[in-house]
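Hi,

Here is the structure I promised to pass on. Have a look at it first, and my notes on what turned up follow below.

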Amino acid sequence: MREKIEEFLKNLFSSWQVAKIYETQHPSFATSIDKTYKSLQEILATKGDLVIGILNEEIASGEDIFFELSKKTISSIEYLKNLEIERITFHNAVSKEELIGFISFLITPIEE
């Protein structure tokens, strides 16, 4: 399951980056979010819910800490921490539209 979660996280961060570059209406984002949503659904079909946590500078899920991925996504981790997001839970009923909404929230500039 660790590998599937890591694949989903890579896809999620990739979709987030694509959305920052092209916006969520672009065909590149549609392709990316399809891949992300599919990888999430594979996990949720088995696991039910997926909880992702941020511990210091690391991304974790359950007992698994994704050290290498955390190093590659440190700026995104810092951004989530600035939003005071310490945990993200994906419930098995999450829709693709809700996932897109979450990414849209992440790319919305923060008002200082």
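**Salt bridges and the sheet**

Lys-96 and Asp-34 make a salt bridge, with 2.5 Å between their closest N and O atoms. Lys-96 sits in helix α5 (residues 96–107) and Asp-34 in helix α2 (residues 27–47), so this pair ties together parts that are 62 residues apart in sequence. Before going further, please keep in mind that this is a predicted model.

Lys-81 belongs to helix α4 (residues 74–82), while Glu-57 is in the loop between β1 (50–55) and β2 (58–61), so the pair links parts that are 24 residues apart in sequence. Lys-81 is partly exposed at 31% relative accessibility, and Glu-57 is partly exposed at 30%.

The other is between Glu-68 and Lys-71, at 3.4 Å from N to O. Both of these residues lie in helix α3 (residues 67–72), 3 residues apart, which is about one turn of the helix. Glu-68 is partly exposed, with a relative accessible area of 48%. Lys-71 reaches 59% relative accessibility and counts as exposed, because the cut-off for that is over 50%.

Now to the sheet. What is the order of its strands? The sheet is open, has 4 strands and runs β3-β2-β1-β4, with antiparallel pairing. At the edges are β3 (64–65) and β4 (87–90), each of which pairs on one side only. In general, the strands of a sheet pair through backbone hydrogen bonds. Here β2 and β3 pair in the antiparallel sense over 2 bridges, and Ala-60 has Ile-65 in β3 as its bridge partner.

Helix α1 (residues 2–22) lies across β1, β2, β3 and β4, and runs at about 70° to β1. Helix α2 lies across β1 and β4, at about 110° to β1.

Cheers

Methods:
Residues numbered from 1 in each chain as written. Predicted model: local features only at pLDDT ≥ 70, side-chain atom pairs only at ≥ 80, totals over all residues. Heavy atoms only, no water. Salt bridge = Lys/Arg side-chain N within 4 Å of Asp/Glu carboxyl O. Buried < 20%, exposed > 50% of the residue type's maximum accessible area, 1.4 Å probe, protein only. Pairing = 2+ DSSP bridges. Contact = heavy atoms within 4.5 Å. Axes fitted to C-alpha atoms, helices over the stretch in contact; angles between N-to-C directions.
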